[in-house]
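I start with the shell.

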Amino acid sequence: MAAGDYNAVRNAIRKIIPQASYDDGSAGPVLVRLAWHASGTYDKKSGTGGSNGATMRFKLEAEDEANNGLEYARKFLDPVKKQFPWISYSDLWTLAGVVAIEYMGGPDVDWKPGRVDDVDEQYVPPNGRLPDATKGEDHIRSVFYRLGFNDQEIVALSGAHNLGRCHGERSGFEGPWVPMPTRFSNTYFKLLLRSQWHRRKNSVGVEQYNDEDNELMMLPTDMALVKDPKFKPWVEKYANDKDAFYKDFAAAFGKLLELGVVRGPEGKAMRQYARAKL
Ligand code: HEM
């Protein structure tokens with residue numbers, strides 16, 4: 001297979017998404033989470049973190065407790081990396097998020113190759129840059145403003161919780177947000193507004209919000225989106241206008257995957273360019 005044939009890589013990623021014995025039968029959601037956590041360490045002021053470098057390969061970042069469970073996503077992608085050794089992990093992880101969203105019925109997201117993997121731990125960002133789900137709107141804003149997102153983009157990105165589930169042994173939270181967690185949709189926003197959510201301690205003693213049957217869940221940070229007067233209008237918009245959500249999600253997710261990727265003349269991501277901005 002020719003180096004640079006990203007369509008071939010996309011096809012290979014599609015093939016590993018169905019995983020009969022894993023979660024809801026799909027690797028899709030955890031691949032989206034990998035792409036987000038690989039990118040969400042960015043810090044706008046210092047230019048550090050972000051998807052370039054694939055620094056989650058190194059112990060310090062892999063063991064950040066926010067990244068618990070992402071070893072599954074990285075392992076699902078191992079055969080693809082073996083098949084296409086020329087693609088960097090940083091391109092593969094971000095591309096897998098894009099392919100998974102499309103595969104699950106979501107929008108097409110612009111994606112550019114060129115990220116370069118770091119060869120040592122020099123640029124591993126510190127732990128603790130990813131959001132803490134036990135917190136509220138101030139914390140959400142401090143994390144996402146650091147990444148360079150505004151309130152509208154924060155709500156659009158949060159719509160990724162249409163996908164997948166929480167795992168007690170990974171995050172302490174339990175359950176899916178929506179009844180069909182492997183189909184991309186705006187159901188999450190509809191449920192945030194319409195369901196009766198009650199606060200309760202789950203089976204491992206962590207406080208979360210559940211619906212009447214305790215089948216669906218919301219995190220404290222999800223609930224903050226309907227409590228906060230600036231976030232809530234965006235939740236209402238996306239609940240009522242699926243097309244607007246898809247369009248805004250695609251733009252914000254594409255922007256997320258480019259964070260910290262400073263491109264040289266040939267589109268290759270350059271570490272030294274990012275450092276030069278410090
Ligand atoms: C799962 C927190 C934003 C995508 C989770 C889980 C937590 C969490 C606690 C459960 C992990 C587990 O137990 O396996 C948060 C917080 C956010 C946030 C606090 C912001 C305030 C986002 C964003 C995206 C995203 C921006 C993507 C654009 C996902 C996906 C899953 C997930 C797809 C499901 C993973 C799976 O099924 O394995 N998130 N998240 N999240 N998150 Fe988020």
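**Entry 1: the shell**

I sorted the residues of the shell around the ligand by class and got 14 nonpolar, seven polar and three charged. I keep in mind that this model is predicted.

Next I looked up which residues come nearest to the ligand. Of the 24 residues around it, they are Pro29, Ala133, Ala160, Gly164 and Ser171.

Then I asked which elements each supply at least two residues of the shell. I found helix H2 (28–39), helix H7 (151–158), strand S1 (165–166) and helix H8 (168–171). H2 gives the most, with five residues.

**Entry 2: the domains**

I turned to the domain assignment.

Where does the ligand lie relative to domain 1 and domain 2? Both domains give residues to the shell, so the ligand lies between them.

**Entry 3: where the domains touch**

I checked the contacts between the domains. On the domain 1 side 28 residues take part, and they meet 20 residues of domain 2.

I then looked at the domain 1 side by element. H2 and helix H12 (242–257) each supply at least two of its residues. The largest share, six residues, comes from H2. By class, I list 12 nonpolar, nine polar and seven charged residues on this side.

Technical notes
Residues are numbered from 1 along each chain as its sequence is written. This is a predicted model: local features need pLDDT of at least 70, side-chain atom pairs count only at pLDDT 80 or more; totals for chains, interfaces and linings use all residues. A residue is near a molecule or strand if its C-beta atom, placed from the backbone, lies within 6 Å of it. Helices (H or I, at least four residues) and strands (E, at least two) are DSSP runs, numbered from the N terminus. Ala, Val, Leu, Ile, Met, Phe, Trp, Tyr, Cys and Pro count as nonpolar, Asp, Glu, Lys and Arg as charged, and the others, Gly among them, as polar. Domain bounds come from an automatic or database domain assignment. Two residues are in contact if their C-beta atoms, placed from the backbone, lie within 7 Å.
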